[in-house]
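Biologist: Hi, could you walk me through this one? I'd like to start with a single residue and then go on to how the chains meet.

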2 protein chains.
Amino acid sequence: MDTPMDVKDNYAALYRLAMQADVTPAEWKLLQEHTIVRDIAAGTGLIEAGQLVERAYFCVRGLFRLYYPLEDGREYNVAFTVEGDFATSHAAMITHQPSSLTIEALEDALVIEIEHTLLQQLTKQHHSWERFVRLSVERLYIRKEERERELLYLSARERYEAFLRKYPGLAERIPQYHIASYIGISPVSLSRLLHQESGG
Amino acid sequence: MDTPMDVKDNYAALYRLAMQADVTPAEWKLLQEHTIVRDIAAGTGLIEAGQLVERAYFCVRGLFRLYYPLEDGREYNVAFTVEGDFATSHAAMITHQPSSLTIEALEDALVIEIEHTLLQQLTKQHHSWERFVRLSVERLYIRKEERERELLYLSARERYEAFLRKYPGLAERIPQYHIASYIGISPVSLSRLLHQESGG
């Protein structure tokens with residue numbers, strides 16, 4: 001699909017998602033003109049657990065990790081967000097409850113910041129934006145169900161393979177202990193598993 | 001909110017949800033006239049793992065258990081559906097993939113059966129029905145996130161208390177081993193935990 005000239009480069013991926021929801025050029029402008037693009041430095045928390053969430057973030061460039069900080073100091077990675085996807089604590093935003101998740105940039109990143117109030121206005125006034133949000137939430141929901149099944153059904157090795165399939169190229173971009181936390185085993189167990197795999 | 005006379009009794013709860021999405025009386029009729037109410041006998045599978053899902057079910061009366069049948073014969077309860085809620089394998093329906101879940105009636109039940117093709121037609125043509133589906137999926141998503149947190153953060157006792165809060169009255173309607181499976185402990189551990197609680 002061609003992207004019209006007046007859709008700024010940073011918006012191209014979000015624009016393609018909007019087109020899938022039949023957003024018209026005029027409706028698209030309502031979003032593009034009322035959002036900003038922000039630089040996020042590696043190591044920065046985009047959203048912090050315990051805080052209210054008043055914006056959604058679309059990842060243009062970079063990489064985020066979504067995790068639950070446990071009371072005992074451990075952290076439990078639940079997802080990663082790469083280019084072309086939302087890095088956001090959706091449940092916290094729509095329920096106006098403090099986020100349980102922290103979202104941290106693992107690389108210098110660029111995001112499109114969308115105010116929740118803008119999203120509410122757009123979905124109220126435009127069928128297409130309502131559809132856009134519906135499709136976005138469905139994607140989130142499908143992934144949550146998928147992950148629940150993975151944790152239940154799959155062995156550690158199969159969960160690692162599922163991680164590689166779901167996030168192509170990511171294993172080279174993040175430290176191994178973040179992968180271990182995501183698939184629910186200790187870094188030592190993951191290292192042992194990968195060692196076995198290579199026939200060692 | 002008053003329910004108009006021509007909304008049949010069995011549809012009253014679904015009608016209230018539709019009103020929250022600003023469905024008009026004319027739009028409501030499009031759904032009511034193209035759906036049927038079905039009796040489901042206790043013990044019947046509404047949806048079976050491995051099968052395609054072509055309908056959504058709204059629970060008018062009765063009680064359902066949603067579970068993953070594991071390969072080793074164990075079953076893992078992920079949710080229950082009571083009156084006024086959807087009992088459906090949403091991810092399977094929208095992705096046209098076989099369901100991973102089985103949904104079984106634990107009591108004689110009454111459901112409103114909604115064809116997926118009807119839902120697609122309604123959401124395509126009516127902003128209000130699009131909103132209705134968006135809100136329904138958001139509810140599903142919030143519960144999935146909540147459950148993930150419960151399994152991560154809470155002790156077995158706290159998970160049991162969360163179950164009681166989330167499903168008022170349900171502990172009296174289902175066997176204890178179904179609750180044990182839902183909170184992720186063995187029936188023996190749950191029985192011990194409840195015994196301790198009563199000061200025994």
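Biologist: So where is the place of I94(A)?

Modeller: I94(A) sits in helix α3 of chain A, residues 90-95; helices here are DSSP runs of H or I with at least four residues, numbered from the N terminus. This is a predicted model, where local features need pLDDT of at least 70 and side-chain atom pairs count only at pLDDT 80 or more, while totals for chains, interfaces and linings use all residues. Residues are numbered from 1 along each chain as its sequence is written, chains are lettered from A in the order in which they are written, and side-chain values use heavy atoms, without hydrogens and water.

Biologist: And what is I94(A) in contact with, leaving aside neighbours within four places in sequence?

Modeller: H116(A), plus E138(B) and I142(B) from the other chain. Contact means heavy atoms within 4.5 Å.

Biologist: Nice. How many residues of chain A are in contact with chain B?

Modeller: 31 residues of chain A, and they touch 31 of chain B. The copies meet through the same surface, because 100% of the interface residues of chain A are also interface residues in chain B.

Biologist: Which salt bridge joins K144(B) to chain A?

Modeller: The K144(B) side chain pairs with that of E148(A), 2.9 Å from N to O. A salt bridge needs a side-chain nitrogen of Lys or Arg within 4 Å of a carboxyl oxygen of Asp or Glu. Between chain A and chain B the count is eight.

Biologist: What gives the most to chain A's side?

Modeller: α5(A), with 17 residues.

Definitions and conventions:
Helices (H or I, at least four residues) and strands (E, at least two) are DSSP runs, numbered from the N terminus.
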